[in-house]
Amino acid sequence: MAALRVLVGVKRVIDFAVKVRVAPGGAAVQTQGVKHSLNPFCEIALEEAVRLREAGAATEVVVATLGTKASQETLRTALAMGADRAVLAELAEGAAAGPREVAVALAALARRLQPQLVLLGKQAIDDDCNQTGQILAAILDWPQGTFASRVSLEPGAVQVQREVDGGLETLRLRLPAVLTADLRLNEPRYATLPNIMKAKKKPLEVVPAADLGVPAGPPRLRLLQLQEPPPRAGGEKVESVESLLGKLRHAGRI
């Protein structure tokens with residue numbers, strides 16, 4: 001079998017179990033002292049890549065991210081889940097990046113590593129942009145399959161089943177290609193303690209983001225303001241359907 005390398009792009013996000021608070025000034029969320037983890041959709045993308053390697057369809061899984069030094073912890077988690085090696089496109093402390101900057105870094109890594117398949121999560125749970133995979137495919141001029149719910153490799157191609165508004169759509173893309181993972185693609189495995197220990201010895205390369213062409217300065221996508229949702233009002237019990245309808249009409253709901 002010809003060597004088939006899979007590049008998986010991942011992101012470090014605030015853990016979904018953490019109560020997110022808006023930082024003073026309303027331009028960001030509080031990140032100091034807050035637990036971070038691997039983005040859940042990125043976990044799904046990584047799991048699919050590892051399964052392809054375990055099935056003999058792929059020979060190597062490389063995981064990569066754009067971030068500060070703290071992102072090394074996220075990459076170690078990905079290595080513990082089964083990736084063979086990792087690359088950190090390192091940003092300076094305090095620097096920020098949007099989907100375009102991430103796509104630029106991944107495109108440069110794709111040109112360097114020559115993968116036949118790039119897998120990403122369809123979106124990150126912090127900004128919900130759902131843009132990085134599409135921008136990356138445009139930069140590389142590669143076919144793309146977004147919202148993948150099933151992936152199967154063929155000689156020189158990949159077949160992707162994706163979820164659309166009207167149901168399911170099946171695409172056959174020539175390799176190399178970019179895919180983004182949907183929720184129902186698989187259920188990611190947990191990183192076991194032995195694999196966590198082994199991950200400490202796996203190679204993790206650190207490359208300055210500037211060396212990959214990531215532009216300096218603030219990202220093109222700028223966050224203007226964040227607001228916490230208003231406190232949820234308490235419920236009220238009514239005695240009858242007529243009373244419920246009356247209250248809904250009074251509130252202008254119907």
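Student: Which handedness, right or left, does the β-α-β unit made by β4, helix α2 and β5 have?
Tutor: Helix α2 covers residues 71-80, where helices (H or I, at least four residues) and strands (E, at least two) are DSSP runs numbered from the N terminus. A crossover is right-handed if, with the strands pointing away from the viewer, the path from the first strand over the helix to the second runs clockwise. The unit that β4, α2 and β5 make is right-handed.

Student: What kind of model is this?
Tutor: Residues are numbered from 1 along each chain as its sequence is written, and side-chain values use heavy atoms, with hydrogens and water left out. Local features need pLDDT of at least 70, side-chain atom pairs count only at pLDDT 80 or more, and totals for chains, interfaces and linings use all residues, since this is a predicted model.

Student: How many of the residues of strand β4 are buried?
Tutor: Buried means under 20% relative accessible area, exposed means over 50%, and partly exposed lies in between (1.4 Å probe, protein chains only). In a regular strand the side chains alternate between the two faces of the sheet. In β4, E60, V62, A64 and L66 point one way and V61, V63, T65 and G67 the other way, and all are buried. Strand β4 (residues 60-67) is therefore largely enclosed by the rest of the structure, its buried residues numbering eight of the eight.

Student: Which residue of β5 is the bridge partner of A64?
Tutor: Two strands pair if DSSP finds at least two bridges between them. On one side, five bridges join β4 to strand β1 (residues 5-9) in parallel, and V6 stands opposite V61 there. Six bridges join β4 to β5 (residues 85-90), again in parallel, and the partner of A64 in β5 is V87.

Student: How far apart in space are T65 and G9, C-alpha to C-alpha?
Tutor: In sequence, T65 and G9 are 56 residues apart. In space, the C-alpha to C-alpha distance between T65 and G9 is 5.7 Å.

Student: Which residue is joined to E60 by a polar contact between side chains?
Tutor: E60 has its place in strand β4 and is buried, with a relative accessible area of 17%. A polar contact is a pair of N or O atoms within 3.5 Å; within protein, one must be able to donate a hydrogen and the other to accept it, and residues adjacent in sequence count only if both atoms are side-chain atoms. At 2.6 Å, such a contact joins the side chain of E60 to that of R5.

Student: Which strands are the edge strands of the open sheet?
Tutor: The open sheet has nine strands in the order β9-β8-β7-β10-β6-β1-β4-β5-β11, with mixed pairing. Each edge strand pairs on one side only, and these strands are β9 and β11 (204-208).

Student: Which residue in the hairpin of β7 and β8 takes a positive phi?
Tutor: Six bridges join β7 to strand β8 (residues 157-164), which run antiparallel, and L153 stands opposite V158 in β8. This hairpin has two residues between the strands, and the residue that takes a positive phi, near 75°, is G156.

Student: How wide an arc do the buried residues of helix α4 cover around the axis?
Tutor: In α4 (residues 132-140), T132, G133, L136, A137 and L140 are buried.

Student: Which residue with a positive phi follows α4?
Tutor: The buried residues of α4 pack against α3 (99-113), β6 (117-121), β7 (144-154) and β10 (177-181). After α4 comes a residue whose phi is positive, near 60°, and this is D141.

Terms used. Contact = heavy atoms within 4.5 Å.
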